[in-house]
Each structure stands twice: as C-alpha cells, then as structure tokens.
Amino acid sequence: MNIQEYYNFSNKVVLITGAASGLGEALAVNFGLLGAKLVIGDINEEKLSNLVERLQQQGVDIIGLTSDVTSEEDQKILVDKAIKTWNRLDIAINNAGMSPKMKSLLDTTVKDFDMTFSINAKGVFLGMKHQTKAMIEYKINGTILNVSSVAGISGAPFLAAYSAAKHAVIGLTKTAALENAKYNIKINAVCPFYTLTPMVTDSNLKDKIDLLAQVNPMKRLATIDEIVNIMIMLCSPVNTYMTGQSIVIDGGITAQ
C-alpha cells in the first residue's frame, strides 16, 4: 500500500454515533472530505439535521438518523441502514457519551451511576453487538473504534461513575477484539485527556479548564482536531494488525 492510500476512504461506509457535535461532528466532516459514505446518529435531532444538510451540500453521501445509543433497536437500525443502502459497513465509531456533574463517590446517586453507565458503556456494547454481526455476515474486514478516556485507565476523582463506565469500554473493546480477530475485524479504543468539546466547554467543567490544563504536562487541553486526527489514522486502510488496544492521547499526563 502506498502513502496515497493511507487516508483514502472512497467507497468505505462509516457509522458514527454521537455525531452532531464535538468529536463526532469533526469525524463526520473529515471522513466525508476523505470520500467516505456516512451513516450518522445522534439524539439531538436539530443539530444532526443541520450537519447532514451541510455535508450533503458539500457532496457527501450521508444519512442521519435520530438515535439513542441506549436503545438496542436504534443501534440495530443504524447498522441496517448502512447495509440496506450500501451493502456494507466498513468502519464504526462508538463515540456517543456523556460526562456527569462532578461529585464525590459518596454523593453519587444510583440514578447518576445508571445513566452514565447506560450511555457510556451499554451504548458501546449495543453498538458493537450489531456492528460486528453485520461485518461477520457480509465478510467485511471491518474496523471498530470506541471512545474511552484517560479516566478509563486511571482513577478520576469526583467522576466515579464516568471512570467506571470508561474502564468498562476498555474491557468491552479487548473482549470484542479477541472474539472477532478470527474474522479480521479490528477493534480498538482511544483514551483522550480532557478535550475542548462542548462536553467540556459548555458543561460544569468550563470553570475548571485552566485548572485541568495546569495538571497536564503540556499545560493545555486537547483540541478536537488533535484527537480526531489520531482516530482517523487508527481507522485508515494501513492499520491492519492492531486490535484490542487502548490508545492514549493525553499530552503526557499518564507518563508522570
């Protein structure tokens, strides 16, 4: 494979959850520019519709479906739409997630825990369940990329439920990778540090951005592009022998 093919996604079908903003939106835009056909889902119907319209105007083949990742039916519909429209699903990115309000473990309620786990872990489980099934059935050497977090490989004070769910994503990733390696389906996870997405900039974390930056060796948070560039690289046609890995993108914080 020559260098020109590294980022050629022509005729590849890419499914992205949580695609209406943040990392998901940037992934959709970039994969579209690189020639991919897209099936994207998000619970925010208005933002999703606006993104689909914008990319269609740029000539991208794209389908957007309002979708709740905690619903098995919705997850199946996303996969079925890719198969029915293009007879294939090459890449799936389980990106949808949420970050709860920071609380101590003692103050975390069962409701907080269940909601966080349902979106961040159950959503990945349901996505992979139907994505791998389609890839196996259609004999596609597919790629699945899950979004975990630095909080998924270390502790995260005042984010107990979030950290637990993101640890679960890594366990799911490794297990699914082992089960599906014989089908040549590659399944990995990314573990970013805090990133300047709306989940940070428009949340209860926005007042803590400077403090979070100071604890990082690079003294800043990641940009969306810095995370998305690595995610696209992991999904590129050149990445043929990596599976079951958790790729840390953290400005060096876990090296301390």
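## Accessibility and the predicted model

A residue counts as buried when its relative accessible area is under 20%, as exposed when that area is over 50%, and as partly exposed in between. The structure described here is a predicted model, and seven salt bridges are found in it; three of these pairs are taken up below, together with the accessibility of the residues that form them.

Glu72 and Lys129 form a salt bridge in which the closest N and O atoms are 2.8 Å apart. Because Glu72 belongs to helix H3 (residues 72–86) and Lys129 to helix H4 (residues 110–137), the pair ties together parts that are 57 residues apart in sequence.

With a relative accessibility of 33%, Glu72 falls in the partly exposed class, and Lys129, at 41%, is likewise partly exposed.

Lys76 is partly exposed, its relative accessible area being 38%, and Asp80 is partly exposed at 25% relative accessibility.

## The pair Arg88 and Asp90

A further salt bridge joins Arg88 to Asp90, with the closest N and O atoms 2.6 Å apart. Asp90 has a relative accessibility of 5% and, because this is under 20%, counts as buried, whereas Arg88 is partly exposed, with a relative accessible area of 30%.

Conventions
Residues are numbered from 1 along each chain as its sequence is written. This is a predicted model: local features need pLDDT of at least 70, side-chain atom pairs count only at pLDDT 80 or more; totals for chains, interfaces and linings use all residues. Side-chain values use heavy atoms; hydrogens and water are left out. A salt bridge is a side-chain nitrogen of Lys or Arg within 4 Å of a carboxyl oxygen of Asp or Glu. Helices (H or I, at least four residues) and strands (E, at least two) are DSSP runs, numbered from the N terminus. Buried means under 20% relative accessible area, exposed over 50%, partly exposed in between (1.4 Å probe, protein chains only).
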